[in-house]
Amino acid sequence: MRGRNLSSSMSAQIQRSNRSPLLLFTLSLLAISILFILVFLSPSNPNPTSFHHPISSLKPETSFVISLEHFLTHKAPKSPPSRDDTVPAAGDVEESSRKLDEALSEAEMGRVVRDPYYPLGSPIRVYVYEMPWKFTYDLLWLFRNSYRETSNLTSNGSPVHRLIEQHSIDYWLWADLIAPESERLLKGVVRVYRQEEADLFYIPFFTTISFFLLEKQQCKSLYREALKWVTDQPAWKRSEGRDHILPVHHPWSFKTVRKSMKKAIWLLPDMDSTGNWYKPGQVYLEKDLILPYVPNVDLCDSKCLSDGQSKRNVLLFFRGRLKRNAGGKIRAKLVGELSGADDVIIEEGTAGEGGKAAAQNGMRKSTFCLNPAGDTPSSARLFDAIVSGCIPVIVSDELELPFEGILDYRKIALFVSSSDALKAGWLLTYLRSVSAADIRRLQQNLAKFSRHFLYSSPALPMGPEDLAWKMIAGKLVNIKLHTRRSQRVVKESRSVCSCECRPSNLTNSPPPSL
């Protein structure tokens, strides 16, 4: 009897144990189903196939002052590192350069063998130099501690700190590169911490801040120190700087010494082929990169554009300095041609706080915004117009535009030759002939394009930081070609005349009917 009970008890346990895996599997499947419904099919995630980066839901910061304040107070190191990339005085730079070249060659061949899409399908690998703080953090703190001094003006009346903000591309690119990878959204570029793994080398020297905020002789001295620091680097000597990125976005920045770094990739506001700012042979599209100014006005988003459409009762708007040098002399001539015309506003003004409000208000009430050349072929006004939904009318024959290998500016702007613009009555007749359908199409495209010109933290896909690296990626193979070629070609083995005569540009004005 006892044996039968024992046998029966064991049989029941065996049956329960056989059912346990099935029960666990059923419960697990139910839990996974509930989790899927909560995460992927909830109202907060209407697209079940999309995947969101953990920080993609955060609102990006587009203000240079606010972003810099947050960076310096929450992210910047409290003291310099015990060791930076300064080359020791007693070091054998030539030997270091040779060893680096061998390591880079070996690493690159390995990538060629392993990756069938290299270099087109691979992210750019950038080594960010660890420079002494007098070139980097000290200058950022100098700006942060003095930007409220609004009485600090340039010779033509423009607020110095506002000019620095307009040209702060060096900060936005650098801040994204050095951010922890978990906080970055860009996938086309990665920071590497070993020079032998790098495609390119980034020089984080804030040339515009130093130019405007340091005394003249102090600035020149710092420029010379920066030049020596960079050109002493083994990586620089290996390539003669061809794979080094130098941010010199203001035309005056680094001007006294930059001729010694003319083989580097310069980040510029324009090319100025007139020769007023850059000497012949220093800058050209195949080597360098045009980057947009930081807009001086707030973004007019889709709701703003929709709500303000009925308020755009001004045909053509311009606010800025009316007397400029070089190619900007056309401004005074245009003022004479357009003054007194109905539904046209031409105002003198600068980029201060009051000027920002006036420009933003005027652009949001206008259909077209006049963008003539300034001291250089470009101006920040173009990008102010774009983010304001005001169709740019570009009168600047020598202008080169940011990211033109990717963006088609004919979708958002009208290009008018200087000669046509100065003909009596021609410009206003042309603008009034643009159809309502064409105006609507251009405005709709402006709403789509504005994100390409908004620097932010974190940097966003298809923002200016991202497009900058996409453009540089297109130059990478050519950079490597000229670096390798320079290492085996005998210097000055023969005399070659390399003078290139270039005719000036001429804008083709479109017919009145687009």
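This is a predicted model: local features need pLDDT of at least 70, side-chain atom pairs count only at pLDDT 80 or more; totals for chains, interfaces and linings use all residues.
The chain has 514 residues, of which 48% count as buried. Its secondary structure comprises 18 helices and 11 strands. Among contacts with a separation of 6 or more, 74% are between residues 24 or more positions apart.

- Helix H2 spans residues 64-75, and its buried residues are Phe64, Val65, Ser67, Leu68, Phe71 and Leu72. These residues lie on the same side of H2, because they cover an arc of only 165 degrees around the axis.
- As background, residues three or four places apart in an α-helix point the same way, because there are 3.6 residues a turn.
- The cover over the buried residues of H2 includes helix H4 (137-146), helix H5 (160-166) and helix H6 (169-178).
- The axes of H2 and H6 are 12 Å apart, and the two helices pack at an angle of about 35 degrees. The crossing of H2 past H6 is left-handed.
- On the H2 side, this contact is made by Phe64, Ser67, Leu68 and Phe71, which meet Tyr171, Trp172, Trp174 and Ile178 of H6. Seven of the residues in the contact of H2 with H6 are nonpolar, one is polar and none is charged.

- Helix H17 covers residues 464-473 and is largely enclosed by the rest of the structure, because eight of its 10 residues are buried.
- The buried residues of H17 are Pro464, Glu465, Asp466, Leu467, Ala468, Trp469, Met471 and Ile472.
- The loop between helix H16 (436-449) and H17 contains Pro458. The peptide bond from Ser457 to Pro458 is cis, with an omega near 0 degrees.
- For comparison, most peptide bonds are trans.

- Ser97 belongs to helix H3, which runs over residues 93-114. Its relative accessible area is 7%, so Ser97 counts as buried, the limit being under 20%.
- Beyond its neighbours within four places in sequence, Ser97 is in contact with Pro234, Lys237 and Arg238. A polar atom of the Ser97 side chain lies 3.2 Å from the backbone oxygen of Pro234.
- Thr483 is part of helix H18, residues 476-488. Thr483 is buried, because its relative accessible area is 3%.
- When residues up to four places away in sequence are not counted, Thr483 touches Arg238, Ser239 and Arg242.
- Arg238 is therefore named in the contacts of both Ser97 and Thr483.

**Two loop residues with positive phi**

- In general, most residues other than glycine have a negative phi.
- Asp343 is not a glycine, yet its phi is positive, at about 50 degrees. Asp343 sits in the loop between helix H11 (330-338) and strand E8 (344-348). With a relative accessibility of 37%, Asp343 is partly exposed.
- Phe403, also not a glycine, has a positive phi of about 60 degrees. Phe403 is located in the loop between strand E10 (391-395) and strand E11 (414-415). The relative accessible area of Phe403 is 1%, so Phe403 is buried.

- Glu196 lies in the loop between strand E2 (189-192) and strand E3 (200-202). Glu196 is partly exposed, because its relative accessible area is 24%.
- The C-alpha atoms of Glu196 and Glu108 are 9.1 Å apart in space, while the two residues are 88 residues apart in sequence.
- Leaving out residues up to four places away in sequence, Glu196 touches Leu100, Ala103, Leu104 and Ala107.
- The side chain of Glu196 also makes a polar contact of 2.7 Å with the side chain of Arg194.

Note on methods: Residues are numbered from 1 along each chain as its sequence is written. Side-chain values use heavy atoms; hydrogens and water are left out. Buried means under 20% relative accessible area, exposed over 50%, partly exposed in between (1.4 Å probe, protein chains only). Helices (H or I, at least four residues) and strands (E, at least two) are DSSP runs, numbered from the N terminus. The arc is that of the directions from the helix axis to the C-beta atoms. Contact means heavy atoms within 4.5 Å. A polar contact is a pair of N or O atoms within 3.5 Å; within protein, one must be able to donate a hydrogen and the other to accept it, and residues adjacent in sequence count only if both atoms are side-chain atoms. Axes are lines fitted to C-alpha atoms, for helices over the stretch in contact, and angles run from 0 to 180 degrees between N-to-C directions. A crossing is left-handed if the near helix is turned anticlockwise from the far one by less than a right angle, and right-handed if clockwise. Ala, Val, Leu, Ile, Met, Phe, Trp, Tyr, Cys and Pro count as nonpolar, Asp, Glu, Lys and Arg as charged, and the others, Gly among them, as polar.
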